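Trainee: I would like to go through this model feature by feature. Please give the general idea each time, then the case at hand.

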Amino acid sequence: MKSNQIPYPLKFMIPVTIISLVTGIALLNTGSQLLFLKINDLVNPYLNTFFKYYTHLGDGIVFALVCLFFLFKKRKWFYLFGGTFLLSSLVSRICKDILFTHSPRPVKYFEMEGIVIQTIDGITTHQWSSFPSGHSITAFALCTLLAVFMHNSWLTILLSILAILAAFSRVYLAQHFVIDVLVGTWVGIFSAFIMIFVVNFRREKNKIKEAEKPLILLRL
């Protein structure tokens, strides 16, 4: 890889891959519904408060604000973050609004099964379009790119943990099943990797002019 290319965040992938493998094994052995119920048993007031607010890391508005920040940095970073935001959002909407719009979320699924689950006060639990988790897509797409931008081993590990917790929060808050967040995790990561490839390719072909300069220059 050329020195001026944007690198792939391989260190970020290590803890994510390990957790994904462990989660996949748990899904195969336990099943998505039973695994959800086991996590639902963890609900308590202290975690409720934490995850109620922490889950917003996966909000699209957070990613959009980060994209705006990069308007004042090198334009290659703005193209990378902005392109990933658009791609990941597009995939999320196609899945949730077209392909899997009738997939029931935990509250609806267990209601149909006659099982009452624990929900969190102050959280509106949705009923449909469960697959995949849009918050997980956004959190992992964003944290994957931040791991590239910060280029620090310890921060990379921290970012992977932050993204994993954001994905877990969606199950804890009874918004998604584990399979939803697991698939969302990898959709977000692959969205980031695809845009890294695209930006690097366009730079090689000189399609991105003045890539090291900001799109908006602040003069103080």
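Mentor: Start with a loop residue: Ser-129 lies in the loop between α6 and α7. Helices (H or I, at least four residues) and strands (E, at least two) are DSSP runs, numbered from the N terminus. This is a predicted model, in which local features need pLDDT of at least 70 and side-chain atom pairs count only at pLDDT 80 or more, while totals for chains, interfaces and linings use all residues. Residues are numbered from 1 along each chain as its sequence is written, and side-chain values use heavy atoms, with hydrogens and water left out.

Trainee: What is phi of Ser-129 near?

Mentor: Most residues other than glycine have a negative phi, and most peptide bonds are trans. Phi of Ser-129 is near 60°, a positive value in a residue other than glycine. Ser-129 is buried, as its relative accessible area is 13%. Buried means under 20% relative accessible area, exposed over 50%, and partly exposed in between (1.4 Å probe, protein chains only).

Trainee: Where does Ala-174 lie, and what is its phi near?

Mentor: Ala-174 is placed in the loop between α8 and α9. Its phi is near 65°, again a positive value in a residue other than glycine. With a relative accessible area of 0%, Ala-174 is buried.

Trainee: Which peptide bond is cis?

Mentor: The bond from Phe-131 to Pro-132 is cis, with omega near -10°. Pro-132 lies in the loop between α6 and α7, the loop that also holds Ser-129.

Trainee: How many helices and strands does the protein chain have?

Mentor: There are nine helices and zero strands. The radius of gyration is 19 Å, close to the 17 Å that the globule rule gives for 220 residues, so the chain is as compact as a globular protein of that length. That radius is taken over C-alpha atoms, and the rule is 2.2 Å times the number of residues to the power 0.38. Along the principal axes, the C-alpha atoms fill a box of roughly 60 × 35 × 30 Å.

Trainee: Which residues have the most contacts inside the largest nonpolar core?

Mentor: In soluble globular proteins, nonpolar side chains tend to be buried together. A nonpolar core is a set of buried Ala, Val, Leu, Ile, Met, Phe, Trp, Tyr and Cys residues joined through side-chain atoms within 4.5 Å. Here the largest one has 42 residues, and Phe-12, Phe-63, Leu-80 and Phe-81 have the most contacts inside it. Helix α9 gives the most to this core, with nine residues. Apart from it lies another core, of five residues, among them Val-43, Phe-51, Tyr-172 and Leu-173.

Trainee: What is Phe-81 in contact with, leaving aside its neighbours within four places in sequence?

Mentor: Contact means heavy atoms within 4.5 Å. With those neighbours left aside, the partners of Phe-81 include Phe-63, Val-66, Cys-67, Leu-142 and Phe-149.

Trainee: Ala-141 and Val-91: buried or partly exposed?

Mentor: Ala-141, in helix α7, counts as buried because its relative accessibility is 0%. Beyond its neighbours within four places in sequence, Ala-141 is in contact with Phe-63, Thr-84, Ser-88, Gly-188 and Ala-192. Val-91 belongs to helix α5 and, at 27% relative accessibility, counts as partly exposed.

Trainee: How much of the protein chain counts as buried?

Mentor: Of its 220 residues, 46% count as buried.
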